[in-house]
Structures are given as structure tokens and as C-alpha cells.
Amino acid sequence: MRKQEAFTSSTSSHHCHGNEKKPIEIYMFIDPLCPECWALEPILKKLQIEYGRYFSIKYVLSGRLATLNLGKKQKYGSIADLWEKTASRTGMSCDGSLWFENPVSSPHIVSVAIKAAELQGRRSGIRFLRKLQEGLFLEKQNISSIEVLKDCAEGAGLDVDEFISDIHSESAAKAFQCDLKITAEMEVQEIPTLVFFNENIEDEGIKITGYYPYEVYEQVLEEMLPFKPERSNPPPIEAFLQYFKLVASQEIAVVYNMSVSEVEKEMKKLQLKQLVEQVPVKYGIFWRYNN
């Protein structure tokens, strides 16, 4: 049974963020080190492709893992174990051996860096977060290193000099503090948590904590809208790859309602045409689009 609850926010001022006027706004509470947030990527992609015209997403950094005392070896062991279990359960690869080989030394700076990226626009922030997650879960990088952060910023198409300057700015620090305040006010205790709001500020939001199948999020969207939303069809697989650049077989499988083995047959055809290359990871397969 999913953990879904009606939710009334005393912080309705937060609930009018961004320029896009769409009927639903989803607050997604995340931590960049959280494997379940990473595991939600296929579901979020499918939701955005099928129903993206009805909602916008605001990412809120919860600071949950940033507050951990990561200096203890046994804590590293339990985090590594959680990563491995999440990868084998969800099909989104993450390699727990990072915590023994190249652990993240400062989770706090990673959160501030995401807010610095967002200062260049919401989409820039989302692209940067994805690059961070790829570096962390697939490449076992210490994403709190300034060099790695710069590489991720460059990969996300940011102005790198502006980004580095913003990491040390009051604006990024304040933006992160604002996220922590929203997390506290909305009583978010676990990550990931998604809170769905509609346009009527008087209405209750719906809070969903944890990782669930796609149909759960689809159903909540339908419940929140005063009409039955129309589902959009996904683009051709090649266009999907061209847009996202690096995707898991699992992400393609969820978005296109295919089995992973069907996806891999399709991808091998694209590989023969030299449109994609296979990226070896610990669990499953990722595919990189060749520009």
C-alpha cells in the first residue's frame, strides 16, 4: 500500500513558483546522494513525456543525507548496501563500492552546487543534477570535488565561470536554506517525496513518500485534475536518446512499455548504425547517443 496522504500546506506562498502556468505543480524532495531519487528517473521521464503539459516540477533539496555524519565506516557500509539493493530492485545502476573507494567528502557543497546551477535557469539545474547523478552512481566520482562539479557543469552546458562564482555566493546558500525551510514546513521526513498541488491554493495537496510504480503517480495526476488528461505518445526512440544523451535500458523500457530485452534488441540496431554506444555499468546497460 502506498503512503499517500492529504496535505495542507501553511506555506502556500511557496506554491506559486516559476513562470510556467500549468494546472499542477509537483514539489519533488530529493537528495543528490539518494539512490531511490535516481531510481525514479525512468518514471519521471515517462510522466513528463505523457503528461508534461499538465504539470511543472520544482526540485527541493531536503538536506537529509547532507546532515549525516559520513565519517563512520559502518555508515558507509550501510549506504553502500542500500545502493546495491536499490540497483538490483529498480534496474537503475548504482555502484555501492564508491563508499569504500572514493566517498563523497562534503554532501553539503553538492546541494549548494545544484542551487548555483539553478541560478542559470530551472532546466540548467535539472541537467546539472542528472550529470551529478551519472558521475556519482555510474562513474563512482566524488561529486563534492570542485573539479568534478566543474566537469558536470560543463557537461550540462552551464557557464562554468559563473557557476563556480555562484557556488560561493550568498544567493546559492540562501536558496539551499530556503529548500531546507520548505522541507521542514511541509514535514517531509523521507526522500524521495513528491507533493502534488493544483491551481486552487485552498485545496489540499497530495503527498507521496517513497518509490512506487508509474501508475501510482499517473493516478494522482488524474485525481488532481478537474478533467481526464490526454496521454501524449513518446517520440521515436532515437529522438529520445538524442535529447537525453545517456539513458539506461531501464529508462527506455519504462517510457516505451517494452521489456529490457526488447530494448536491447532495438539498441543493437542503432549501435550497428553507429548512432549509440553501449556504456558498461555494474547493473544493466546504459546507452550514449553519438552526436
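**Exercise 1. Describe the open sheet formed by three strands and state its strand order.**

Solution. Three strands make up an open sheet with antiparallel pairing, in the order S6-S8-S7. Strand S6 (246–248) and strand S7 (276–280) are at the edges with a single partner strand each, so one side of each has no neighbour in the sheet. From one strand to the next, the twist averages 30 degrees; axes for such angles are lines fitted to C-alpha atoms, for helices over the stretch in contact, and angles run from 0 to 180 degrees between N-to-C directions.

The next step is the pairing itself. Strands of a sheet pair through backbone hydrogen bonds, either parallel or antiparallel. Two strands count as paired if DSSP finds at least two bridges between them. S6 and strand S8 (residues 285–289) run antiparallel and are joined by three bridges. Leu246 has Arg288 in S8 as its bridge partner.

The names of the elements follow DSSP runs numbered from the N terminus: helices (H or I) have at least four residues and strands (E) at least two. The model is predicted: local features need pLDDT of at least 70, side-chain atom pairs count only at pLDDT 80 or more, and totals for chains, interfaces and linings use all residues. Residues are numbered from 1 along each chain as its sequence is written, and side-chain values use heavy atoms, with hydrogens and water left out.

**Exercise 2. Determine how many disulfides the structure holds, and examine Cys34.**

Solution. A disulfide is a covalent bond between the sulfur atoms of two cysteines. The criterion here is a pair of cysteine sulfur atoms within 2.5 Å. The structure holds zero disulfides. For Cys34, the closest cysteine sulfur is that of Cys37, at 3.3 Å, which is too far for a bond.

Accessibility is then considered, where buried means under 20% relative accessible area, exposed over 50%, and partly exposed in between (1.4 Å probe, protein chains only). Cys34 is buried at 5% relative accessibility, whereas Cys178, at 36%, is partly exposed.

**Exercise 3. Characterise the largest cavity and the largest pocket.**

Solution. Rolling a probe the size of a water molecule over the atoms shows where empty space is left. On a 1 Å grid over the protein atoms alone, a cavity is a set of points where a 1.4 Å probe fits but cannot get out; a pocket is an open set with protein on both sides within 12 Å along at least five of seven lines, and lining residues have an atom within 4 Å of a point. Grid points are joined across faces, edges and corners, and a volume is the space filled by probe spheres set on the points.

The search finds one cavity of 30 Å³ or more. Its lining includes Met28, Cys37 and Gln133.

The largest pocket has a volume of about 950 Å³. Of its 30 lining residues, Gln48, Arg123, Ile126, Tyr243 and Phe244 lie nearest its centre. H6 gives the most to this lining, with nine residues.
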